Amino acid sequence: MSALPEILAHNAAFVASKSYEEFLTSPLPNKRLVIITCMDTRLVELLPKAMGIRNGDVKMIKIAGAVVSHPFGSVMRSILVAVYQLGAEEIAVVGHHGCGMTGLSADAVLDHARRRGISPKTFHTLNHAGVDLRQWLTGFESPEEGVLASVELIRNHPLLPGDVAVHGLVMHPETGRLDVLTIGEAAKLEE
Ligand SMILES: [Zn+2]
């Protein structure tokens, strides 16, 4: 059953009652921060509350495992737009314990896809087109490893300016406690 009818009914009431007024803010992030975090449902409300983040404070990018896997993919593009166009000065990659990307097996995902009707011909075609599905769909050994790999990719990106600090953290998905893995030091630019 689709969740959409209930969402649309709620939306009509929300707008009609002007419930949006408390959320009005500018598109520029007050805290000048970009957060890259996981799409895990437990973090939807918990993460902003546990970090003291309100509407208008940060640019929030949500992806499975908080993994930035491609230097020229849409996540890295979002980060660069936030930095160059929206005034972001800091980046925090926030993974979490108990992440579904921990030990994710490409074989299991592809097996599910097969059972949901994706034909062997499709896998064959993708394989021949040079798409490495097994590498693409593989997760990480631990959330810490995933966060640190993403931090490294962002820090070493050729288009990221040296005055942007990149931090790595891991959140506990029940208590919201943050463990700091690495604090980025922005290189001081010559005056
Ligand atoms: Zn996760």
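## A strand and its sheet

In this predicted model, strand β1 (residues 33-37) is mostly covered, with 5 of its 5 residues buried. Leu33, Ile35 and Thr37 point one way from β1, while Val34 and Ile36 point the other way, and all are buried.

Who sits beside this strand? β1 pairs with strand β2 (residues 58-62) in the parallel sense, and Thr37 has Lys62 of β2 as its bridge partner. β1 also runs parallel to strand β3 (residues 90-96), where Ala92 stands opposite Ile35. Moving on, β3 runs parallel to strand β4 (residues 165-171), and here Val94 faces Leu169 of β4 as its opposite residue. The table gathers these pairings.

| Strand pair | Sense | Bridges |
|---|---|---|
| β1 and β2 | parallel | 5 bridges |
| β1 and β3 | parallel | 5 bridges |
| β3 and β4 | parallel | 7 bridges |

Now step back to the whole sheet. It is open and has 5 strands in the order β2-β1-β3-β4-β5, with mixed pairing. Because β2 and β5 (178-182) stand at the edges with a single partner strand each, one side of each is left without a neighbour in the sheet. From one strand to the next, the twist averages 25°.

Helix α2 (residues 43-50) makes a right-handed β-α-β unit together with β1 and β2. α2 lies across β1, β2, β3 and β4, running at about 150° to β2. Helix α3 (residues 74-85) lies across β1, β2 and β3, and runs at about 175° to β2.

Definitions and conventions
Residues numbered from 1 in each chain as written. Predicted model: local features only at pLDDT ≥ 70, side-chain atom pairs only at ≥ 80, totals over all residues. Heavy atoms only, no water. Buried < 20%, exposed > 50% of the residue type's maximum accessible area, 1.4 Å probe, protein only. Helix = DSSP H or I, 4+ residues; strand = E, 2+ residues; numbered from the N terminus. Pairing = 2+ DSSP bridges. Right-handed = clockwise from strand over helix to strand, strands pointing away. Axes fitted to C-alpha atoms, helices over the stretch in contact; angles between N-to-C directions. Contact = heavy atoms within 4.5 Å.
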